[in-house]
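Hi there,

Here is the structure I promised to pass on. Have a look at it first, and then read on for what turned up in it.

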Amino acid sequence: MAAAPRTKTTGWTLLCLLTACVTVASPGSGSAAWAATPAAPDVAPPVAADPAPPAAPPPPYGFGTVNGFGQHAEHERITRAALSCTPQRTGNDCFQPHSLDQLAGKSGTFGAVGVPDVDETFDASAHCDDADFLAVAGYPQSRTAATVTLGRCVNHLKADFSRGVTRAAEMVRAGVVAADEVGLAPDCTFALGVPGRAKCDALEGFGRALHGTQDFYSHSNWTDRADPSRRTGPHNPPGLARTVPAPFLNLAAPAALSTVPASLTTGCFSVWPGGCAGRLTHETLNKDTGLIDAATGAATAPTTSRGQVAGNFGAAVTVAIDSTRGQWKGFQDALTASYGPAEGTRLACALTHDHPVRDC
Ligand SMILES: [Zn+2]
(Lines give C-alpha, C1' and ligand atoms only; values in the text may rest on other atoms or scores of the structure.)
Protein backbone atom coordinates (compact mmCIF):
# COMPACT_ATOMS: atom_id res chain seq x y z
CA MET A 1 0.00 0.00 0.00
CA ALA A 2 1.31 3.42 -0.81
CA ALA A 3 2.39 5.61 2.06
CA ALA A 4 0.02 8.40 2.98
CA PRO A 5 0.63 11.61 1.06
CA ARG A 6 2.71 14.17 2.88
CA THR A 7 2.48 17.87 2.84
CA LYS A 8 5.26 20.42 3.05
CA THR A 9 5.55 23.42 5.25
CA THR A 10 4.90 26.88 3.94
CA GLY A 11 8.57 27.72 3.80
CA TRP A 12 9.44 24.91 1.42
CA THR A 13 6.30 25.51 -0.57
CA LEU A 14 7.45 29.04 -1.24
CA LEU A 15 10.60 27.67 -2.82
CA CYS A 16 8.55 25.34 -4.93
CA LEU A 17 6.30 28.16 -5.98
CA LEU A 18 9.31 30.17 -6.98
CA THR A 19 10.38 27.39 -9.30
CA ALA A 20 6.85 27.04 -10.55
CA CYS A 21 6.60 30.73 -11.34
CA VAL A 22 9.75 30.60 -13.41
CA THR A 23 8.45 27.62 -15.26
CA VAL A 24 4.95 28.79 -15.89
CA ALA A 25 6.24 32.08 -17.17
CA SER A 26 8.62 30.35 -19.54
CA PRO A 27 7.10 27.15 -20.84
CA GLY A 28 10.05 25.79 -22.78
CA SER A 29 9.95 22.46 -24.48
CA GLY A 30 11.68 20.58 -21.71
CA SER A 31 9.68 21.79 -18.80
CA ALA A 32 6.26 21.54 -20.30
CA ALA A 33 6.69 17.92 -21.16
CA TRP A 34 6.01 16.88 -17.69
CA ALA A 35 2.34 17.42 -18.08
CA ALA A 36 0.33 14.54 -19.39
CA THR A 37 1.49 14.87 -22.93
CA PRO A 38 -0.82 14.25 -25.85
CA ALA A 39 0.48 11.70 -28.30
CA ALA A 40 3.12 13.46 -30.33
CA PRO A 41 3.05 12.99 -34.07
CA ASP A 42 5.48 10.50 -35.47
CA VAL A 43 8.36 12.32 -37.04
CA ALA A 44 10.85 10.84 -39.42
CA PRO A 45 14.35 12.24 -39.80
CA PRO A 46 15.52 14.89 -40.25
CA VAL A 47 14.53 15.99 -36.82
CA ALA A 48 11.83 18.61 -36.69
CA ALA A 49 11.31 21.15 -33.96
CA ASP A 50 9.06 19.93 -31.18
CA PRO A 51 5.44 20.98 -31.42
CA ALA A 52 4.42 23.82 -29.18
CA PRO A 53 3.84 22.43 -25.71
CA PRO A 54 0.47 22.65 -24.05
CA ALA A 55 -0.03 24.91 -21.07
CA ALA A 56 1.49 22.93 -18.25
CA PRO A 57 1.72 22.71 -14.49
CA PRO A 58 5.12 23.30 -12.95
CA PRO A 59 7.64 20.53 -13.59
CA PRO A 60 9.75 18.42 -11.34
CA TYR A 61 13.37 18.47 -12.40
CA GLY A 62 13.76 14.75 -12.05
CA PHE A 63 11.91 12.28 -9.94
CA GLY A 64 9.66 14.47 -7.79
CA THR A 65 10.73 15.94 -4.49
CA VAL A 66 7.56 17.44 -3.07
CA ASN A 67 3.98 16.38 -2.69
CA GLY A 68 1.85 18.48 -4.97
CA PHE A 69 2.33 19.86 -8.47
CA GLY A 70 1.90 16.29 -9.69
CA GLN A 71 4.84 15.03 -7.64
CA HIS A 72 4.64 12.48 -4.84
CA ALA A 73 8.01 12.79 -3.09
CA GLU A 74 9.44 10.21 -5.50
CA HIS A 75 13.09 10.74 -4.46
CA GLU A 76 12.16 10.31 -0.80
CA ARG A 77 10.23 7.14 -1.48
CA ILE A 78 12.94 5.60 -3.66
CA THR A 79 15.50 6.32 -0.94
CA ARG A 80 13.29 4.89 1.80
CA ALA A 81 12.52 1.78 -0.23
CA ALA A 82 16.25 1.28 -0.78
CA LEU A 83 17.70 2.01 2.63
CA SER A 84 15.07 1.64 5.38
CA CYS A 85 15.89 -0.90 8.06
CA THR A 86 13.88 -4.11 7.85
CA PRO A 87 14.26 -7.55 9.42
CA GLN A 88 16.29 -8.46 6.33
CA ARG A 89 18.30 -5.22 6.09
CA THR A 90 20.05 -4.34 9.32
CA GLY A 91 23.21 -2.84 10.83
CA ASN A 92 25.14 -0.53 8.56
CA ASP A 93 23.22 -1.73 5.50
CA CYS A 94 20.29 0.51 6.43
CA PHE A 95 19.55 3.90 7.97
CA GLN A 96 17.70 4.15 11.27
CA PRO A 97 14.56 6.31 11.22
CA HIS A 98 15.84 9.75 12.25
CA SER A 99 18.98 9.44 10.16
CA LEU A 100 16.90 8.31 7.18
CA ASP A 101 14.64 11.33 7.65
CA GLN A 102 17.69 13.54 7.10
CA LEU A 103 18.83 11.66 4.02
CA ALA A 104 15.47 10.98 2.36
CA GLY A 105 13.44 13.91 3.66
CA LYS A 106 10.17 13.86 5.55
CA SER A 107 7.13 16.06 5.84
CA GLY A 108 8.37 19.64 5.87
CA THR A 109 11.86 18.99 4.53
CA PHE A 110 13.45 18.01 1.23
CA GLY A 111 16.17 15.92 2.84
CA ALA A 112 19.63 15.62 1.37
CA VAL A 113 18.34 13.66 -1.62
CA GLY A 114 15.89 16.42 -2.49
CA VAL A 115 18.04 19.49 -2.03
CA PRO A 116 19.35 19.66 -5.62
CA ASP A 117 15.79 20.58 -6.58
CA VAL A 118 16.15 23.61 -4.30
CA ASP A 119 19.57 25.04 -5.12
CA GLU A 120 20.73 23.23 -8.28
CA THR A 121 17.43 23.33 -10.13
CA PHE A 122 18.84 24.54 -13.43
CA ASP A 123 22.24 22.83 -13.33
CA ALA A 124 21.88 20.02 -15.88
CA SER A 125 24.85 18.15 -14.44
CA ALA A 126 23.05 17.70 -11.11
CA HIS A 127 20.20 15.84 -12.85
CA CYS A 128 21.93 14.12 -15.80
CA ASP A 129 20.05 16.18 -18.36
CA ASP A 130 21.03 17.43 -21.82
CA ALA A 131 23.00 14.30 -22.80
CA ASP A 132 20.54 13.77 -25.64
CA PHE A 133 21.41 11.94 -28.81
CA LEU A 134 19.53 10.20 -31.57
CA ALA A 135 21.22 8.36 -34.41
CA VAL A 136 19.56 10.27 -37.22
CA ALA A 137 21.09 12.53 -39.84
CA GLY A 138 21.45 16.11 -38.72
CA TYR A 139 20.76 15.58 -35.02
CA PRO A 140 21.83 18.80 -33.26
CA GLN A 141 24.22 17.09 -30.81
CA SER A 142 26.84 14.47 -31.68
CA ARG A 143 27.30 11.20 -29.83
CA THR A 144 30.62 12.49 -28.56
CA ALA A 145 29.14 15.73 -27.26
CA ALA A 146 26.29 13.88 -25.56
CA THR A 147 28.77 11.59 -23.79
CA VAL A 148 30.86 14.59 -22.72
CA THR A 149 27.72 16.11 -21.18
CA LEU A 150 26.95 12.84 -19.43
CA GLY A 151 30.52 12.87 -18.13
CA ARG A 152 29.87 16.25 -16.52
CA CYS A 153 27.00 14.66 -14.62
CA VAL A 154 29.19 11.77 -13.49
CA ASN A 155 31.90 14.19 -12.36
CA HIS A 156 29.40 16.45 -10.57
CA LEU A 157 27.90 13.54 -8.65
CA LYS A 158 31.30 12.01 -7.95
CA ALA A 159 32.37 15.32 -6.41
CA ASP A 160 29.27 15.35 -4.19
CA PHE A 161 29.99 11.75 -3.17
CA SER A 162 33.63 12.52 -2.40
CA ARG A 163 32.72 15.58 -0.32
CA GLY A 164 30.51 13.32 1.74
CA VAL A 165 33.36 10.87 2.30
CA THR A 166 35.68 13.70 3.31
CA ARG A 167 33.27 15.30 5.77
CA ALA A 168 32.33 11.96 7.32
CA ALA A 169 35.78 11.67 8.86
CA GLU A 170 35.06 14.54 11.22
CA MET A 171 32.39 12.53 13.00
CA VAL A 172 35.15 10.69 14.87
CA ARG A 173 37.95 12.32 16.87
CA ALA A 174 40.78 10.22 18.31
CA GLY A 175 38.83 7.06 17.75
CA VAL A 176 35.71 8.32 19.51
CA VAL A 177 32.45 9.48 17.97
CA ALA A 178 32.17 13.23 18.48
CA ALA A 179 28.76 14.02 19.96
CA ASP A 180 28.72 17.57 18.62
CA GLU A 181 29.24 16.34 15.04
CA VAL A 182 26.57 13.63 14.91
CA GLY A 183 23.54 15.20 16.61
CA LEU A 184 20.34 15.43 14.57
CA ALA A 185 18.42 17.90 16.71
CA PRO A 186 17.54 20.19 15.17
CA ASP A 187 17.19 18.57 11.76
CA CYS A 188 20.02 19.08 9.29
CA THR A 189 19.68 21.89 6.79
CA PHE A 190 21.23 21.33 3.41
CA ALA A 191 20.41 24.13 1.01
CA LEU A 192 23.19 26.21 -0.53
CA GLY A 193 25.94 24.02 0.88
CA VAL A 194 26.32 25.89 4.15
CA PRO A 195 28.58 23.72 6.33
CA GLY A 196 27.24 22.34 9.58
CA ARG A 197 27.57 19.21 11.65
CA ALA A 198 29.81 16.61 10.03
CA LYS A 199 27.07 13.97 9.88
CA CYS A 200 24.75 16.43 8.15
CA ASP A 201 27.46 17.41 5.67
CA ALA A 202 28.33 13.80 4.94
CA LEU A 203 24.68 12.96 4.38
CA GLU A 204 24.39 16.01 2.15
CA GLY A 205 27.20 14.88 -0.12
CA PHE A 206 25.82 11.37 -0.35
CA GLY A 207 22.23 12.58 -0.81
CA ARG A 208 23.09 14.99 -3.60
CA ALA A 209 24.93 12.18 -5.34
CA LEU A 210 21.92 9.91 -4.94
CA HIS A 211 19.61 12.52 -6.41
CA GLY A 212 21.43 12.67 -9.71
CA THR A 213 21.96 8.94 -10.00
CA GLN A 214 18.26 8.33 -9.33
CA ASP A 215 17.35 11.00 -11.88
CA PHE A 216 19.44 9.27 -14.53
CA TYR A 217 17.02 6.35 -14.64
CA SER A 218 14.03 8.65 -15.01
CA HIS A 219 15.70 11.00 -17.47
CA SER A 220 17.41 8.49 -19.76
CA ASN A 221 16.42 5.53 -21.91
CA TRP A 222 18.68 3.18 -19.87
CA THR A 223 15.81 1.14 -18.40
CA ASP A 224 12.91 1.95 -20.67
CA ARG A 225 11.32 0.85 -23.96
CA ALA A 226 9.91 2.74 -26.89
CA ASP A 227 6.19 2.75 -27.53
CA PRO A 228 5.79 -0.23 -29.88
CA SER A 229 2.68 1.28 -31.43
CA ARG A 230 4.53 4.30 -32.81
CA ARG A 231 7.44 4.84 -35.14
CA THR A 232 10.70 5.51 -33.32
CA GLY A 233 12.14 8.99 -33.61
CA PRO A 234 12.67 12.09 -31.49
CA HIS A 235 9.21 11.72 -29.94
CA ASN A 236 9.61 7.99 -29.35
CA PRO A 237 13.31 7.19 -28.98
CA PRO A 238 14.54 3.62 -28.71
CA GLY A 239 14.88 2.25 -25.17
CA LEU A 240 17.76 0.17 -23.85
CA ALA A 241 15.64 -1.92 -21.41
CA ARG A 242 18.59 -2.45 -19.06
CA THR A 243 17.72 -4.02 -15.72
CA VAL A 244 20.85 -3.22 -13.71
CA PRO A 245 22.45 0.12 -12.78
CA ALA A 246 24.78 1.85 -15.22
CA PRO A 247 28.41 1.01 -14.42
CA PHE A 248 29.64 4.49 -15.37
CA LEU A 249 27.44 5.87 -12.57
CA ASN A 250 28.85 3.59 -9.89
CA LEU A 251 30.27 6.59 -8.07
CA ALA A 252 32.75 4.70 -5.89
CA ALA A 253 34.46 3.33 -9.00
CA PRO A 254 32.82 4.58 -12.21
CA ALA A 255 33.39 2.58 -15.38
CA ALA A 256 34.93 4.50 -18.26
CA LEU A 257 32.61 6.55 -20.44
CA SER A 258 33.71 4.35 -23.32
CA THR A 259 31.16 1.88 -21.91
CA VAL A 260 28.27 4.26 -22.64
CA PRO A 261 25.98 2.58 -25.18
CA ALA A 262 25.83 4.31 -28.57
CA SER A 263 22.08 4.76 -28.34
CA LEU A 264 21.96 6.04 -24.77
CA THR A 265 20.18 9.35 -24.44
CA THR A 266 18.89 11.63 -21.73
CA GLY A 267 16.52 14.53 -22.43
CA CYS A 268 17.22 18.15 -23.22
CA PHE A 269 15.71 20.43 -20.57
CA SER A 270 15.09 24.14 -20.98
CA VAL A 271 12.65 26.58 -19.49
CA TRP A 272 13.11 28.88 -22.47
CA PRO A 273 10.90 28.66 -25.52
CA GLY A 274 12.85 26.93 -28.27
CA GLY A 275 15.69 26.06 -25.92
CA CYS A 276 15.52 22.42 -27.00
CA ALA A 277 14.38 22.94 -30.57
CA GLY A 278 14.99 19.89 -32.71
CA ARG A 279 16.26 17.85 -29.78
CA LEU A 280 14.97 14.90 -27.83
CA THR A 281 13.44 16.50 -24.77
CA HIS A 282 13.03 15.85 -21.09
CA GLU A 283 9.32 16.17 -21.82
CA THR A 284 9.42 13.19 -24.15
CA LEU A 285 11.67 10.93 -22.12
CA ASN A 286 11.10 11.48 -18.42
CA LYS A 287 9.46 8.99 -16.12
CA ASP A 288 9.50 11.37 -13.17
CA THR A 289 6.16 10.96 -11.51
CA GLY A 290 3.80 8.32 -10.18
CA LEU A 291 3.12 6.55 -6.92
CA ILE A 292 5.96 4.71 -5.18
CA ASP A 293 5.45 2.52 -2.13
CA ALA A 294 8.14 3.66 0.29
CA ALA A 295 8.30 0.20 1.87
CA THR A 296 8.29 -2.12 -1.12
CA GLY A 297 9.32 0.19 -3.94
CA ALA A 298 6.28 -0.87 -5.96
CA ALA A 299 5.62 1.81 -8.57
CA THR A 300 2.15 2.46 -9.92
CA ALA A 301 0.04 5.14 -11.61
CA PRO A 302 2.72 6.74 -13.80
CA THR A 303 1.74 10.17 -15.00
CA THR A 304 4.21 10.98 -17.78
CA SER A 305 3.71 9.75 -21.32
CA ARG A 306 6.98 7.77 -21.48
CA GLY A 307 6.36 6.44 -17.98
CA GLN A 308 3.03 5.01 -19.07
CA VAL A 309 4.58 2.92 -21.86
CA ALA A 310 5.59 -0.70 -21.33
CA GLY A 311 6.05 -0.54 -17.56
CA ASN A 312 8.67 2.18 -17.99
CA PHE A 313 7.97 4.02 -14.72
CA GLY A 314 8.30 0.84 -12.69
CA ALA A 315 11.48 -0.18 -14.52
CA ALA A 316 13.11 3.19 -13.80
CA VAL A 317 12.12 3.10 -10.13
CA THR A 318 13.31 -0.49 -9.67
CA VAL A 319 16.77 0.24 -11.04
CA ALA A 320 16.95 3.56 -9.15
CA ILE A 321 16.34 1.65 -5.91
CA ASP A 322 18.94 -0.95 -6.85
CA SER A 323 21.38 1.83 -7.72
CA THR A 324 20.72 3.61 -4.41
CA ARG A 325 21.64 0.49 -2.45
CA GLY A 326 24.72 0.06 -4.59
CA GLN A 327 25.82 3.65 -4.02
CA TRP A 328 25.55 3.18 -0.26
CA LYS A 329 27.66 0.04 -0.51
CA GLY A 330 30.14 2.03 -2.57
CA PHE A 331 30.13 4.85 -0.02
CA GLN A 332 31.02 2.37 2.73
CA ASP A 333 33.79 0.97 0.53
CA ALA A 334 35.10 4.51 0.02
CA LEU A 335 35.10 5.14 3.78
CA THR A 336 37.10 1.96 4.31
CA ALA A 337 39.50 2.77 1.49
CA SER A 338 40.07 6.27 2.88
CA TYR A 339 40.24 5.59 6.60
CA GLY A 340 40.86 1.87 7.06
CA PRO A 341 38.46 -0.94 7.97
CA ALA A 342 37.88 -0.11 11.64
CA GLU A 343 37.42 3.64 11.18
CA GLY A 344 35.42 3.16 7.97
CA THR A 345 33.01 0.81 9.71
CA ARG A 346 32.66 3.22 12.65
CA LEU A 347 31.91 6.10 10.29
CA ALA A 348 29.29 4.07 8.42
CA CYS A 349 27.75 3.21 11.78
CA ALA A 350 27.71 6.89 12.79
CA LEU A 351 25.94 7.82 9.56
CA THR A 352 23.30 5.13 9.76
CA HIS A 353 22.59 4.98 13.48
CA ASP A 354 20.43 7.44 15.38
CA HIS A 355 22.50 7.19 18.57
CA PRO A 356 26.06 6.77 17.33
CA VAL A 357 27.80 7.92 20.53
CA ARG A 358 26.17 4.97 22.25
CA ASP A 359 26.08 2.47 19.39
CA CYS A 360 29.24 3.06 17.38
ZN1 LIG B 1 16.62 16.15 -10.29
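Which helices do the buried residues of α4 pack against? They pack against α3, α5, α9 and α12. Here "buried" means that 20 or more other C-beta atoms lie within 10 Å of the residue's own; 12 or fewer makes a residue exposed, anything in between is partly exposed, and the C-beta atoms are placed from the backbone. Helices (H or I, at least four residues) and strands (E, at least two) are DSSP runs, numbered from the N terminus.

Two notes before the rest. Residues are numbered from 1 along each chain as its sequence is written. The model is predicted, so local features need pLDDT of at least 70 and side-chain atom pairs count only at pLDDT 80 or more, while totals for chains, interfaces and linings use all residues.

**The chain as a whole**

The chain has 13 helices and six strands. It contains 360 residues, and 52% of them count as buried. Two residues are in contact if their C-beta atoms, placed from the backbone, lie within 7 Å. Of the contacts with a separation of 6 or more, 70% join residues 24 or more positions apart.

**The core**

A nonpolar core is a set of buried Ala, Val, Leu, Ile, Met, Phe, Trp, Tyr and Cys residues joined through C-beta atoms within 7 Å. The largest one here has 71 residues, and A168, M171, L203, F206, V317, L347 and A350 have the most contacts inside it. At least two core residues come from each of α3, α4, α5 (111-114), α7 (143-168), α9, α11 and α12 (341-352). α11 gives the largest share, eleven residues. As a general point, nonpolar side chains tend to be buried together in soluble globular proteins.

Six of the eight residues of α4 are buried, so the helix is mostly covered. The buried ones are S99, L100, D101, Q102, L103 and A104. After α4 comes G105, with a positive phi near 95 degrees.

One partner, α3 (residues 74-83), packs on α4 (residues 97-104) at an angle of about 145 degrees, with the axes 9 Å apart. For these values, axes are lines fitted to C-alpha atoms, for helices over the stretch in contact, and angles run from 0 to 180 degrees between N-to-C directions. E76, T79, R80 and L83 of α3 meet L100, L103 and A104 of α4. By class, that contact has four nonpolar, one polar and two charged residues (Ala, Val, Leu, Ile, Met, Phe, Trp, Tyr, Cys and Pro count as nonpolar, Asp, Glu, Lys and Arg as charged, and the others, Gly among them, as polar).

**α9 against α11**

Helix α9 (residues 198-219) and helix α11 (residues 312-339) pack at about 150 degrees, with their axes 9 Å apart. They are therefore roughly antiparallel to each other (under 35 degrees counts as roughly parallel, over 145 as roughly antiparallel, 65 to 115 as roughly perpendicular and the rest as oblique). α9 passes α11 in a right-handed crossing. On the α9 side the contact is made by F206, A209, L210, T213, Q214, Y217 and S218, and on the α11 side by A316, V319, A320, S323, T324, Q327 and F331. Eight of these residues are nonpolar, six are polar and none is charged.

**Some loop residues**

N221 sits in the loop between α9 and α10 (282-285). Is N221 buried or exposed? It is buried, because 27 other C-beta atoms lie within 10 Å. Beyond its neighbours within four places in sequence, N221 is in contact with P237, P238, G239, L240, L264, T265 and L285.

Most residues other than glycine have a negative phi, and most peptide bonds are trans. Against that background, the peptide bond from A185 to P186 is cis, with omega near 0 degrees. P186 lies in the loop between α8 and α9. A301, not a glycine, has a positive phi of about 50 degrees, and A310 has a positive phi near 55 degrees. A310 is in the loop between β6 and α11, and A301 is in the loop between β6 (299-300) and α11.

Best wishes

Methods
A crossing is left-handed if the near helix is turned anticlockwise from the far one by less than a right angle, and right-handed if clockwise.
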